[in-house]
Amino acid sequence: MAMEGSTLLCVPLVAKTVEQMAADMAAAKAAGADLVEIRVDHLSTFRPREDLEFLLKGRPLPAIVTYRPKWEGGEYEGDDNRRFEALRIAMDLGAEYVDIELKVAEEFVRLISGKKPENFKLIVSSHNYQSTPSSEELGSLVARIQAVGADIVKIVTTAVDIVDVTRMLQVIVHCQEKQVPVIGLVMGERGMIFRLLCPKFGGYLTFGSLDVGKESAPGQPTISDLLNVYNIRKITADTKVYGIIGKPVGHSKGPILHNAAFKSVGLNAVYVPLLVDDLANFLSAYSSPDFAGFSCTIPHKEAAVRCCDEVDPIAKSIGAVNTIIRRPADGKLVGYNTDYIGAISAIEDGIRGSRAKDAAVSPLAGKLFVVIGAGGAGKALAYGAKEKGARIVIANRTYERARELANLIGGRALTLAELESFHPEEGMILANTTSIGMHPNVIDTPLSKQALRSYAVVFDAVYTPKVTRLLREAEESGAAVVSGLEMFIRQAMGQFELFTGLAAPESLMRNIISRL
Ligand SMILES: NC(=O)c1ccc[n+]([C@@H]2O[C@H](COP(=O)([O-])OP(=O)(O)OC[C@H]3O[C@@H](n4cnc5c(N)ncnc54)[C@H](OP(=O)(O)O)[C@@H]3O)[C@@H](O)[C@H]2O)c1
């Protein structure tokens with residue numbers, strides 16, 4: 001059980017049989033849950049007294065019993081009297097909590113009046129599957145739920161935008177100040193941050209599913225992720241929040257990497273996925289110093305240049321920011337680009353054949369550096385290589401974009417067809433910055449094996465799969481190859497150093513990446 005005052009971890013049980021529910025309850029205990037929610041409305045057949053006796057007798061964890069009707073988002077379709085009776089039985093059998101919907105709470109409270117066991121708590125809940133109301137409406141909802149006789153207030157809303165979450169956070173903080181126990185939840189992927197940050201703001205409990213596919217509501221993380229990726233037991237009011245801003249963002253490995261890195265240096269910080277639609281709105285809503293820094297990915301890297309108060313000169317030239325820091329001294333947002341440092345240092349080390357980072361002259365100086373692609377990564381690579389004294393050639397599917405970028409940095413533009421027969425000199429370096437060859441299209445490659453013979457070094461920004469067809473054929477053609485994974489690790493290490501001012505735990509981060 002968690003410490004007094006900390007947020008409890010609850011696993012919802014949504015199995016179709018009581019036997020499976022009992023097994024899931026034991027699994028929830030083994031997984032580290034503090035309590036379970038028995039969703040009897042999910043059972044395919046339910047005999048209230050017998051089944052509740054079976055489930056509650058000798059249960060390994062405290063239990064909330066919920067019998068959610070269809071009209072409130074549950075599975076039960078019958079009349080309310082049967083539900084009330086089952087919930088009353090649950091209370092009599094010693095369930096620690098029963099959840100009843102606000103719409104019928106008055107009636108249920110009347111039914112159990114004077115019969116509540118001493119340690120029993122009534123949760124009165126309200127669910128909104130469409131949106132998150134205004135702060136005023138949420139405030140009056142709390143008051144109505146309290147007035148009906150709830151021991152614990154439960155409000156569940158849906159995030160249409162990640163900014164909606166801030167209104168629920170305010171409610172939680174307000175209730176915490178008034179010592180009103182409140183379970184808040186914001187459903188949907190845009191509301192995920194609320195579930196993860198519950199302990200920081202003082203929510204009574206947060207839900208974690210037993211496994212993927214066993215969620216009781218959209219956007220619910222697994223209990224294993226809550227405990228092992230987000231280290232939720234360590235989150236307190238003082239925890240600093242970092243995160244990856246993107247759309248989509250669910251696939252990002254950033255949380256696994258950065259949370260483990262924070263933990264390894266003993267930093268009181270958490271790194272969360274932030275599904276953001278409008279970057280400017282997000283940054284103005286989450287302006288507290290506790291939201292200390294962000295990674296930025298597709299499609300927000302360019303907007304981030306405009307949204308920061310200050311931008312590092314190279315990030316400005318590239319036109320893309322992938323790291324934002326809230327400067328502690330004045331709260332200003334400062335933007336950086338660690339993609340280019342990550343990629344360029346990986347290629348430099350690939351050329352040197354060792355990882356000596358401090359040689360005075362870059363091995364890129366004077367080399368012909370061919371970039372395929374003219375998007376965010378293409379720009380970063382082209383600017384980075386130019387900075388190091390390389391001569392730049394840009395080849396892109398849309399020739400116009402290649403020409404624009406080549407003009408900007410002082411290089412030459414080619415079409416992809418022209419690139420096939422382009423070999424003006426030996427010892428050229430090739431960098432693919434398009435998504436060609438990326439999973440699942442692993443048989444695609446941006447340049448023929450024949451053309452690869454002109455290159456001494458080949459880099460691929462694509463890192464799923466780890467070895468792309470381009471890299472495999474380049475190696476077979478005798479080139480030194482540099483993997484996109486190396487760029488990924490190094491840009492993440494750069495971010496960690498900007499976030500924390502500490503050296504990144506390199507071997508730990510490499511270890512984690514190698515296991516992904
Ligand atoms: N390793 C890392 O750490 C890391 C970091 C950042 C990015 N990346 C990878 O780099 C790749 C590009 O990312 P980005 O942010 O630069 O994306 P982006 O801004 O959308 O640019 C995509 C580029 O790829 C070209 N392209 C896309 N599909 C193509 C196709 N089927 N055939 C030919 N060209 C194609 C585009 O050409 P047009 O101009 O003609 O559209 C454009 O030049 C992605 O695979 C991403 O995962 C890796």
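The model is predicted. The shell around the ligand holds 22 residues, and the protein buries 76% of the area that the ligand exposes when taken alone. UniProt, in an unreviewed entry, places a domain feature at residues 244-324.

**Ligand contacts**

- Five of the 22 residues around the ligand come nearest: Ala 374, Ala 377, Asn 396, Thr 398 and Arg 401.
- Thr 398 also has a polar side-chain atom 2.4 Å from an oxygen atom of the ligand.
- Ala 374 uses its backbone instead: an N or O atom there lies 2.9 Å from a ligand oxygen.
- Arg 397 places a polar side-chain atom 3.0 Å from an oxygen atom of the ligand.
- The ligand alone exposes 920 Å², and 76% of that is buried by the protein.

**Make-up of the shell**

- Ten residues of the shell are nonpolar, nine are polar and three are charged.
- Two helices, H14 (376-387) and H19 (484-500), each supply at least two shell residues.
- H19 gives the largest share, with three residues.

**Annotated domain**

- The UniProt record names the feature at residues 244-324 "domain: Shikimate dehydrogenase substrate binding N-terminal".

**Glu 302**

- Glu 302 sits in helix H11, which runs over residues 301-307.
- Its relative accessibility is 40%, so Glu 302 counts as partly exposed.
- Beyond its neighbours within four places in sequence, Glu 302 is in contact with Gly 319 and Lys 379.
- His 174 is 128 residues from Glu 302 along the chain, and their C-alpha atoms are separated by 36 Å.

**Thr 66**

- Thr 66 belongs to strand S3, residues 63-66.
- Thr 66 counts as buried because its relative accessibility is 0%, and the cut-off for buried is under 20%.
- Setting aside residues up to four places away in sequence, Thr 66 touches Glu 37, Ile 38, Arg 39, Val 40 and Asp 41, and also Leu 87 and Asp 99.

Methods: Residues are numbered from 1 along each chain as its sequence is written. This is a predicted model: local features need pLDDT of at least 70, side-chain atom pairs count only at pLDDT 80 or more; totals for chains, interfaces and linings use all residues. Side-chain values use heavy atoms; hydrogens and water are left out. UniProt positions are given in the numbering used here, feature names are shortened, and annotations may be inferred rather than shown by experiment. A residue is near a molecule or strand if one of its heavy atoms lies within 4 Å of it. A polar contact is a pair of N or O atoms within 3.5 Å; within protein, one must be able to donate a hydrogen and the other to accept it, and residues adjacent in sequence count only if both atoms are side-chain atoms. Accessible areas come from the Shrake-Rupley method with a 1.4 Å probe; for residues, only the protein chains shown count as cover. Helices (H or I, at least four residues) and strands (E, at least two) are DSSP runs, numbered from the N terminus. Ala, Val, Leu, Ile, Met, Phe, Trp, Tyr, Cys and Pro count as nonpolar, Asp, Glu, Lys and Arg as charged, and the others, Gly among them, as polar. Buried means under 20% relative accessible area, exposed over 50%, partly exposed in between (1.4 Å probe, protein chains only). Contact means heavy atoms within 4.5 Å.
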